[in-house]
Amino acid sequence: MVSNTNIIANKRGVSSHFHLHLLLLLFSLFFVAKFDLVSGLNYTKYSRKVSSLRLERIQKHLEKINKPAVITIVSPDGDIIDCVHKKKQPALDHPLLKNHKIQRIAPEMPKVKMLKRDEEKRDSKRNEGEDLAWQMWHRNGTRCPKGTVPIRRSTTHDVLRAKSLFHFGKKQPTIINPTSRRADAPDVVSGGGHEHAIAYTGTSQEVYGAKATINVWDPAIQEVNEFSLSQIWVLSGSFDGSDLNSIEAGWQVSPELYGDSRPRLFTYWTSDSYQATGCYNLLCSGFVQTNSRIAIGAAISPVSQYAANQYDITILIWKDPKLGNWWMGFGDDNLVGYWPAELFTHLADHATMVEWGGEVVNSRANGKHTSTEMGSGHFAEDGFGKASYFRNLEIVDADNSLSSIHDISILAENTNCYNIKNSYNNEWGTYFYYGGPGNNPQCL
């Protein structure tokens with residue numbers, strides 16, 4: 001039996017519960033200094049006094065993205081998951097999706113070659129942990145009803161941790177173009193303090209999707225405004241202009257975005273080089289969710305442990321050849337939802353590059369390189385069980401077929417801080433280990 005404390009009937013908007021919540025929120029903003037007791041991160045500066053005008057603007061924004069729920073589920077980790085009717089989800093507020101009808105016909109899945117099937121059988125023991133690497137809000141056994149989608153509710157505290165209301169849920173506009181530099185480029189810090197350890201394809205072919213299985217860890221984060229993520233990028237457009245299109249998915253630890261240091265499933269998209277369009281997860285209109293069991297932005301549990309059990313998630317992003325929407329798959333056969341083709345310019349046709357790997361923000365607090373970890377926090381050469389990995393890297397071609405990618409390049413801006421080493425075998429196909437501890441005697 002499910003405890004009543006875990007499910008709250010939706011009464012928001014006109015109920016006294018809402019007003020009580022607002023009063024408690026104001027009290028906390030004025031008098032409470034928030035700390036993350038687990039990681040030691042200091043949230044004090046995000047609990048500053050807030051003007052009533054700014055608070056009013058934040059509340060109006062939250063009312064737009066926090067849609068009315070059929071039921072609400074309280075996760076053991078404190079997340080509030082609203083089960084929202086599919087037709088009332090934030091995606092459909094986008095101006096370009098005014099007349100959009102949610103795709104009901106299942107997308108045409110990428111075809112898998114027989115060789116790949118044989119490899120999957122040999123690799124079945126490695127996959128046993130994948131189904132366990134799920135989300136914490138599932139632990140009480142409650143699911144969203146049919147016809148609804150689970151959406152992690154955003155709070156005023158979430159918005160206040162961002163630089164501004166405009167920046168809430170958005171990446172800073174920093175772009176890495178790996179093909180514009182040699183793979184053995186000198187150790188430099190990327191623009192905006194973003195550092196990477198990635199594998200990538202060339203730009204000479206048309207790509208219609210990408211897939212990988214990604215090892216999940218909980219890297220330590222030094223500052224609230226830093227993050228560590230591991231993801232797939234599906235890209236098209238100009239790296240040097242303002243029209244880069246990007247679709248992204250993976251896991252991330254972002255105290256600023258989520259208020260804690262747990263690894264979470266996330267998505268992102270942009271059609272203008274991260275300037276104004278797109279956002280993380282469902283924090284703006286655009287991504288159409290179809291799955292009632294997977295909450296984008298919710299915590300993944302369990303996670304890998306050093307020299308112990310390893311857990312990973314499989315993510316597939318591909319273009320439906322019939323309707324043109326870009327779909328996201330999670331695990332073996334779970335369709336999460338899609339990015340409508342209308343959102344994009346270059347990706348309305350195809351992608352020109354795929355990147356897989358890790359990214360961190362190095363804010364150089366106190367003038368030193370951050371100790372924010374990438375992956376497991378260990379360098380690539382430490383190998384299985386110690387370093388984080390991506391395995392079974394694949395791309396989708398014009399025939400909607402999945403195939404292992406052999407011709408990849410790798411890049412890490414500062415190998416004394418984070419590095420990457422790739423290889424190939426029959427079980428893992430093309431794979432790589434990556435990551436690092438950040439600040440250390442060789443990384444200052």
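1. Leaving aside neighbours within four places in sequence, isoleucine 232 is in contact with Ala210, Lys211, Ala212, Ile214, Ile247, Glu248, Ala249, Ile315, Ile317, Val354, Glu355 and Trp356. Contact here means heavy atoms within 4.5 Å. Isoleucine 232 belongs to the largest nonpolar core, which has 86 residues; Ile232, Ile315, Trp339 and Trp356 are those with the most contacts inside that core. A nonpolar core is a set of buried Ala, Val, Leu, Ile, Met, Phe, Trp, Tyr and Cys residues joined through side-chain atoms within 4.5 Å. Apart from this core lies another, of 10 residues, among them Leu316, Trp327, Tyr338 and Val396.

2. On the basis of the note: this is a predicted model, in which local features need pLDDT of at least 70 and side-chain atom pairs count only at pLDDT 80 or more, while totals for chains, interfaces and linings use all residues. Residues are numbered from 1 along each chain as its sequence is written, and side-chain values use heavy atoms, with hydrogens and water left out.

3. The chain as a whole contains six helices and 22 strands. These are DSSP runs numbered from the N terminus, helices being H or I of at least four residues and strands E of at least two. Of the 444 residues, 56% count as buried; buried means under 20% relative accessible area, exposed over 50%, and partly exposed in between (1.4 Å probe, protein chains only). The chain exposes about 19400 Å², of which carbon and sulfur atoms supply 53%; areas come from the Shrake-Rupley method with a 1.4 Å probe, and for residues only the protein chains shown count as cover. Among contacts with a separation of 6 or more, 74% join residues 24 or more positions apart.

4. The structure holds 17 aromatic pairs. Rings of Phe, Tyr and Trp (its six-membered ring) pair if their centres lie within 6.5 Å; planes under 30 degrees apart count as stacked, over 60 as edge-to-face and the rest as tilted. One of the pairs joins tyrosine 389 and tyrosine 433, edge-to-face, at 6.3 Å centre to centre with 85° between the planes. This pair links distant parts of the chain, since tyrosine 389 is in strand β18 (residues 388-396) and tyrosine 433 in strand β22 (residues 429-435), 44 residues apart. Both tyrosine 389 and tyrosine 433 are buried.

5. Two lysines are placed over aromatic rings. The charged end of lysine 170 sits over the ring of phenylalanine 166, 5.1 Å from its centre, and that of lysine 171 sits over the ring of tyrosine 268, 5.5 Å from its centre. The criterion is that NZ of Lys or CZ of Arg is within 6 Å of the ring centre and within 35 degrees of the ring normal.

6. Methionine 374 lies in the loop between β17 (353-361) and β18. Is methionine 374 buried or exposed? Methionine 374 counts as buried, because its relative accessibility is 0%. Leaving out residues up to four places away in sequence, methionine 374 touches Glu195, His196, Ala197, Ser228, Gly358, Glu359, Val360, Tyr418, Tyr434, Gly435 and Gly436. The C-alpha atoms of methionine 374 and alanine 197 are separated by 8.7 Å, although these residues are 177 apart along the chain.

7. Arginine 152 is in strand β6 (residues 148-152) and counts as buried at 13% relative accessibility. The arginine 152 side chain makes a polar contact with the side chain of aspartate 79 (3.2 Å). A polar contact is a pair of N or O atoms within 3.5 Å; within protein, one must be able to donate a hydrogen and the other to accept it, and residues adjacent in sequence count only if both atoms are side-chain atoms.

8. Some backbone geometry deserves attention. The peptide bond from serine 301 to proline 302 is cis, with omega near 0°; proline 302 is in the loop between β13 (300-301) and β14 (312-319). Serine 273, in the loop between β11 (264-270) and β12 (288-289), has a positive phi, near 60°, in a residue other than glycine.
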